[in-house]
Amino acid sequence: PADKIPEKIPPLLSKLPARRNSIASAECAAKEWPMRILLVDDNSMNIKVALRMLQTLGYTEVVVARDGREAVSAFTQERNFDTILMDVHMPNMDGCEASKEIRRSVDSSCKSPHIVAMTANVFAADWQRCSESGMCVLLPKPVKLESLTDKLRQAYQIKIG
C-alpha cells in the first residue's frame, strides 16, 4: 500500500549522468527561473521522486496536493502558482477536471498558471483531453530530470512573456 513507503527513497538522482550544461547548472535552475510550483499527484512515491527532482533544481518550497480537489483548493486559496505539475489520473477529481476548474476560476486580474500534464498515457486522444481541459504541455511518466527541466524552462519563458 501507498502508506507503507520507506522513509528514505533510493538516491535515484545520484545515478543520473552529470549534464550541467543542459540543465542550467541544476542547482541554479530555480534562481534562473523563479516560480511558485504546485505539485499534484495521488501516489506518494511519485510525489517523493518529483520533490527530489525539484529540490535538485533548487525548488525547495513546492506545495503538494494529493488529488484534483486539493489542487483546486490550493489554487483558490493562494492564486500565485506559476506552474502546476498535474497528474492526470487521480481519485476524487482527476487532473483534467481540476484543470478545467482552475481555468474557470481565473479572472482577468489573475495570471493563468502553466499546467503541465503528467501521465504515462501519451496517446493522441489522451493528450487531446488534457489540452481541451486547459493543460499546456505533456510530461511523460516516468518523469526524467531533463524533461522536467525543459518543461520548467518553457513555463518560465511563458511567465515572463
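The model is predicted, so local features need pLDDT of at least 70 and side-chain atom pairs count only at pLDDT 80 or more, while totals for chains, interfaces and linings use all residues. Residues are numbered from 1 along each chain as its sequence is written, and side-chain values use heavy atoms, with hydrogens and water left out. The protein chain has six helices and five strands. Here helices (H or I, at least four residues) and strands (E, at least two) are DSSP runs, numbered from the N terminus.

**Overall fold**

- Along the sequence, the protein chain follows the pattern α-β-α-β-α-β-α-β-α-β-α.
- Of the 161 residues in the protein chain, 43% are buried. Buried means under 20% relative accessible area, exposed means over 50%, and partly exposed lies in between (1.4 Å probe, protein chains only).
- Contact means heavy atoms within 4.5 Å. Among contacts in the protein chain between residues at least 6 apart in sequence, 69% join residues at least 24 apart.

**Nonpolar cores**

- A nonpolar core is a set of buried Ala, Val, Leu, Ile, Met, Phe, Trp, Tyr and Cys residues joined through side-chain atoms within 4.5 Å.
- In soluble globular proteins, nonpolar side chains tend to be buried together.
- The largest nonpolar core has 24 residues, and those with the most contacts inside it are M35, I37, L54, Y59, L85, L148 and L152.
- Two or more residues of this core come from each of helix 1 (29-32), strand 1 (37-40), helix 2 (44-56), strand 4 (114-119), strand 5 (137-140) and helix 6 (145-160).
- Another core, of 22 residues, lies apart from it and has F81, M86, M90 and A117 among its members.
- Not counting residues up to four places away in sequence, L152 touches W33, M35, I37, L54, L57, Y59 and T83.

**Helix 3 and helix 4**

- The axes of helix 3 (residues 68-78) and helix 4 (residues 95-105) come within 9 Å and cross at roughly 20°. That makes helix 3 roughly parallel to helix 4.
- Axes are lines fitted to C-alpha atoms, for helices over the stretch in contact, and angles run from 0 to 180 degrees between N-to-C directions.
- Angles under 35 degrees count as roughly parallel, over 145 as roughly antiparallel, 65 to 115 as roughly perpendicular and the rest as oblique.
- In this contact, G68, A71, V72 and F75 of helix 3 meet A98, E101, I102 and S105 of helix 4. The residues of the contact of helix 3 with helix 4 divide into five nonpolar, two polar and one charged.
- For this division, Ala, Val, Leu, Ile, Met, Phe, Trp, Tyr, Cys and Pro count as nonpolar, Asp, Glu, Lys and Arg as charged, and the others, Gly among them, as polar.

**Helix 2 and helix 6**

- The axes of helix 2 and helix 6 come within 11 Å and cross at roughly 65°.
- M53, L54 and T56 of helix 2 make the contact with L145, L148 and L152 of helix 6. The residues of this contact divide into five nonpolar, one polar and no charged.

**Two buried strand residues**

- T83 lies in strand 3 (residues 83-87) and is buried, with a relative accessible area of 1%.
- Residues up to four places away in sequence aside, T83 touches M35, R36, I37, L38, H114, V116, L152 and A155.
- H114 is in strand 4 and is buried, with a relative accessible area of 5%.
- Leaving aside neighbours within four places in sequence, H114 is in contact with D82, T83, I84, C136, V137, A155 and I158.

**Loop residues**

- D42, in the loop between strand 1 and helix 2, is partly exposed, with a relative accessible area of 32%.
- D42 and H89 are 47 residues apart in sequence and 8.4 Å apart in space, C-alpha to C-alpha.
- D42 touches R66, D87, H89, M90 and P91, not counting residues up to four places away in sequence.
- R79, in the loop between helix 3 and strand 3, has a positive phi of about 55° although it is not a glycine. R79 is partly exposed, with a relative accessible area of 32%.
- N92, in the loop between strand 3 and helix 4, is a residue other than glycine with a positive phi, near 70°. N92 counts as exposed at 53% relative accessibility.
- A cis peptide bond joins K141 and P142, with omega about 0°. P142 lies in the loop between strand 5 and helix 6.
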